[in-house]
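Morning, everyone. Let me put the model up and walk you through it.

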Amino acid sequence: MTNVEKKLGSVANYVDERTGAAAWMKKNLTKVFPDHWSFMLGEVCLYSFVILLLSGTFLTFWFDPSQREVTYEGSYAPLQGLKMSAAYASTLHISFEVRGGLLMRQIHHWAAIIFMAAIVGHLLRVFFTGAFRKPREFNWILGVGLLTLGIVEGFLGYSLPDDLLSGTGIRIAEAIIQALPVVGSYLAFFAFDGAFPGEAFIPRIFTVHVLLLPGAFLALITIHLMLVWYQKHTQFPGPGRTEKNVVGYPLMPTYMAKAGGFFFIVFGVIAFLSAVASINPIWLYGPYTPGQISAGSQPDWYMGWLDGLVRMAPPIETHAFGHTISWNILIPGLIVPGILFTGMALYPFIESWFTGDKREHHLLDRPRNAPNRTALGVMSLTFMMVSLINGGNDIIATHFDLTINQIMWGTRFGIFILPPIAFVITKRLCLSLQRADRDLVLHGTETGRLLRLPHGEFVEVHAPISPEKAWTLTSHEQLPALELTETDARGVRRPGAIKNKLRARMSKAHAVSVPKVSADDLKQIEHH
Amino acid sequence: MSNEIEAIKDPGLPAHVHREADTDPKAEKRAERQVAILFGISAVGTLLLIFSYVFIPQDLFIFVPVMGDQNAHQLGLGLGMAISLFFIGMGAIHWAKTLMPDTEVVAHRHEFRSPDNEREDFVKTVKERAGTVGMGRRSLIKKSLGAALGLSALSPLLLLRDLGPLPGKELEKTSWKTGTRLVTDPGDRPILASDLEVGAVAQVLPAVAEGSHRALSDIGKDAVLLIRLRPGDFQLTPEKLAMTHDGIIAFSKICSHMGCAVALYEQQTKHLLCPCHQSTFDVTRGAKVIFGPAARPLPQLDITVDAEGYLVARSAFSEPVGPSFWERNSQ
Ligand code: HEM
Ligand code: FES
């Protein structure tokens with residue numbers, strides 16, 4: 001026994017005698033984690049969150065969350081003598097006088113952008129592979145919650161420096177609150193301690209940004225990870241992988257070293273981006289004042305789709321009985337996002353309702369083997385992309401020599417037309433891929449070698465694929481559609497006929513597939 | 001699953017393939033050295049960071065090809081930090097990939113559903129315990145508890161009441177009154193009609209008493225744009241035309257959509273454009289919305305000149321400025 005081993009042994013002994021943790025620890029240190037590149041997306045979320053905590057705490061040491069007016073006397077000459085808020089002045093101080101301060105601001109902002117991108121990527125992975133199915137519906141909902149909180153947290157974050165750009169963002173947020181029927185102006189006056197912008201908002205959102213929401217994140221992420229741990233990770237289908245087992249590397253040491261190493265890689269990449277790619281140079285925008293604006297105002301990307309929806313909204317307000325309702329704000333700002341996010345959160349339940357599948361699933365779907373779901377996902381993504389494009393319409397217009405008018409009308413129609421088109425194309429594509437899989441299993445791979453038959457014809461030699469590959473391509477199940485009759489056994493129409501019809505139709509659409517190859521099919525081929 | 005058709009068989013986990021370093025001691029040594037080199041590069045990164053922090057002045061700019069002028073201090077710190085972190089990660093992962101066990105392990109899953117007898121026991125226990133409380137029989141207690149809990153939820157709401165004042169008529173008022181002078185922003189100088197040439201734009205604010213402070217909340221409602229056209233360019237109703245002075249027309253600068261500053265004026269088309277969501281207003285037709293999501297024209301301020309010839313407001317805005325709200329009477 002080496003010296004180190006002896007020491008570790010006595011520490012373990014000390015802890016176990018007081019907690020009885022040995023059995024539990026042993027079980028968990030040998031816990032198995034399946035490996036796939038797409039499983040790293042969730043890790044990126046976690047690591048960038050840790051980086052946000054570290055860099056954000058650094059920033060709080062100098063950031064002064066106050067809208068008190070001060071005169072700038074710092075080292076950035078173009079702004080000297082200007083009146084501005086203490087928040088803006090202290091952000092300039094962090095950027096120009098605190099050594100490494102600008103780097104930390106950049107790391108914080110880049111980490112926020114990567115955090116959000118990783119959440120979206122992770123969510124897409126979970127969606128397209130069907131990892132949200134029973135028993136993992138809770139974690140799906142937690143994920144949707146984390147995404148929503150992330151959007152809010154990011155928005156509050158870039159509102160803190162109180163530069164001309166971020167103040168404009170707050171102005172828009174205030175207008176959304178103010179547009180709420182009946183309670184809007186009250187809520188706005190409570191949030192801002194009077195008329196916009198007032199002097200209370202930044203101190204208030206500071207508390208939310210550095211205390212309340214990070215606390216909520218910590219709690220949700222902890223539950224999220226505990227569930228992953230307890231329910232064990234899903235795995236892709238493959239030889240030796242079943243619904244009843246999990247195949248991968250043990251936590252200690254291999255997975256620990258890989259995951260730990262990956263944290264440093266993510267941190268390193270974010271530091272590199274922060275070193276070379278300038279982000280949010282607030283000193284160029286100037287201090288906020290409601291009478292001015294910087295042209296080409298752009299929010300961070302994860303808000304861009306919302307901005308795009310607002311931009312394309314038709315100019316409709318209802319004026320009646322001395323009241324005003326701004327549909328041009330409520331529909332794109334609250335109603336559409338509300339429907340999207342609620343639908344997303346409920347999707348696992350909707351899908352199991354129309355497939356009638358209430359079993360546990362631990363093997364992932366290859367996206368092509370769930371054409372309807374995959375098509376639905378691509379359709380939603382297309383909707384988001386069209387909105388996002390319109391969110392950057394001014395920038396796109398100047399880059400691609402279009403007019404804003406063209407982009408606006410293009411996206412106003414595109415938002416209705418393109419998503420369904422994307423649905424149809426994706427579904428077809430999935431089915432062709434299924435067909436390709438079928439051909440591959442039946443006829444093997446093309447070798448490129450030509451063979452001349454006795455009567456002179458040339459044929460290409462096909463090599464059969466390995467049994468492992470054949471299994472991977474055929475191990476998925478193909479559920480038939482639910483048989484839902486409109487009438488019950490005695491010929492009486494069932495209650496809720498419309499609901500039933502909808503369910504039957506969705507079930508049918510979901511079950512469309514190219515039949516997978518069976519062992520019988522293979523035998524038949526051999527006989528030829 | 002269709003049971004009649006025989007499915008292709010699972011061939012089982014493929015045999016483990018050994019890596020070079022598992023079998024060849026030389027390869028093992030090599031891998032070990034590679035890991036150490038990666039950790040070594042990380043250390044160099046930290047040295048670069050320390051060097052940049054201590055020795056490179058904060059205002060030193062250097063030219064870097066492709067990137068252009070860069071702050072050397074910031075770049076050194078960032079690259080140093082990036083190298084030091086990234087290569088720790090690379091080292092650890094290379095170590096795991098080449099030297100740590102790479103045999104796949106199989107663990108078993110268990111269904112989460114508890115066995116039926118345990119579920120029944122659970123339900124029985126809950127029913128029994130609940131029965132001892134007699135919730136079902138004691139409806140008076142149940143109802144009063146519900147009411148008390150509901151009421152107690154009001155207290156946090158009430159306690160938040162002092163977050164801000166009630167809006168009252170605040171959203172409908174600006175500082176503009178009859179006779180308020182228009183002054184330049186910035187500069188606070190009063191304006192003669194002749195100061196503005198045809199085609200010119202100016203941002204103005206209401207004059208305030210000398211030395212008094214303008215709150216941003218006031219600017220957020222008071223900001224006004226002056227634009228001078230040829231009087232013949234207007235296509236306005238007689239009342240709206242009467243609100244202009246000698247070709248000078250004044251609009252609230254606060255967008256009627258969501259309150260951004262409507263800052264872009266296109267001289268040729270005589271359009272005002274809001275950069276936030278590109279609502280476009282036609283100045284000649286009283287800032288009528290011709291494009292974008294805004295639903296109302298920008299409110300027009302009635303202006304004239306005072307005895308000394310300076311531009312003043314003839315009256316306050318006749319409607320609230322800025323974005324809509326429930327209590328706004330827009331008819
Ligand atoms: C998921 C979590 C978080 C996200 C998405 C996020 C996002 C952001 C963003 C985008 C900014 C603007 C940065 C800039 O360009 O200047 C910001 C600023 C700031 N954040 Fe965070 N943040 C998060 C967590 C935290 C935490 C945990 C803290 C502190 C404990 C923190 C403290 C700050 C401070 C003090 C600022 C203002 C200083 C400045 O802008 O330079 N943040 N945040
Ligand atoms: S705020 Fe002006 S267009 Fe939206």
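Chain B has a radius of gyration of 37 Å, whereas a compact globule of 331 residues would have one near 20 Å. That radius is taken over C-alpha atoms, and the globule rule is 2.2 Å times the number of residues to the power 0.38. The C-alpha atoms of chain B fill a box of roughly 100 × 80 × 55 Å along the principal axes.

A word on the ground rules. This is a predicted model, where local features need pLDDT of at least 70 and side-chain atom pairs need 80 or more, while totals for chains, interfaces and linings use all residues. Residues are numbered from 1 along each chain as written, chains are lettered from A and ligands numbered from 1 in the order written, and side-chain values use heavy atoms, without hydrogens or water.

Back to chain B. It has 8 helices and 14 strands. Those are DSSP runs numbered from the N terminus: helices are H or I, at least four residues, and strands are E, at least two. Of the 331 residues of chain B, 39% count as buried. Buried means under 20% relative accessible area, exposed over 50%, partly exposed in between, with a 1.4 Å probe and protein chains only.

Now the cysteines. B:C260 is joined to B:C276, S to S 2.0 Å. B:C260 sits in the loop between β7 (248–252) and β8 (264–266) of chain B, and B:C276 in the loop between β9 (271–273) and β10 (280–282), so the bond ties together parts 16 residues apart in sequence. The torsion about the S-S bond of B:C260 and B:C276 is about -80 degrees, so the disulfide is left-handed.

Are these two cysteines buried or exposed? B:C260 is buried at 3% relative accessible area, and B:C276 is buried at 2%. B:C255 is buried too, at 1%.

Over to chain A. A:C430 is buried, at 5% relative accessible area. A:I425 lies in helix α16 (residues 404–443) of chain A. At 51% relative accessibility, A:I425 counts as exposed.

Last item, the annotation. An unreviewed UniProt entry places "domain: Cytochrome b/b6 N-terminal region profile" at residues 11–237 of chain A. UniProt positions follow the numbering used here, feature names are shortened, and annotations may be inferred rather than shown by experiment. Over residues 11–237, chain A is 69% helix and 4% strand, with the end C-alpha atoms 41 Å apart.

How values were computed
Disulfide = S-S within 2.5 Å.
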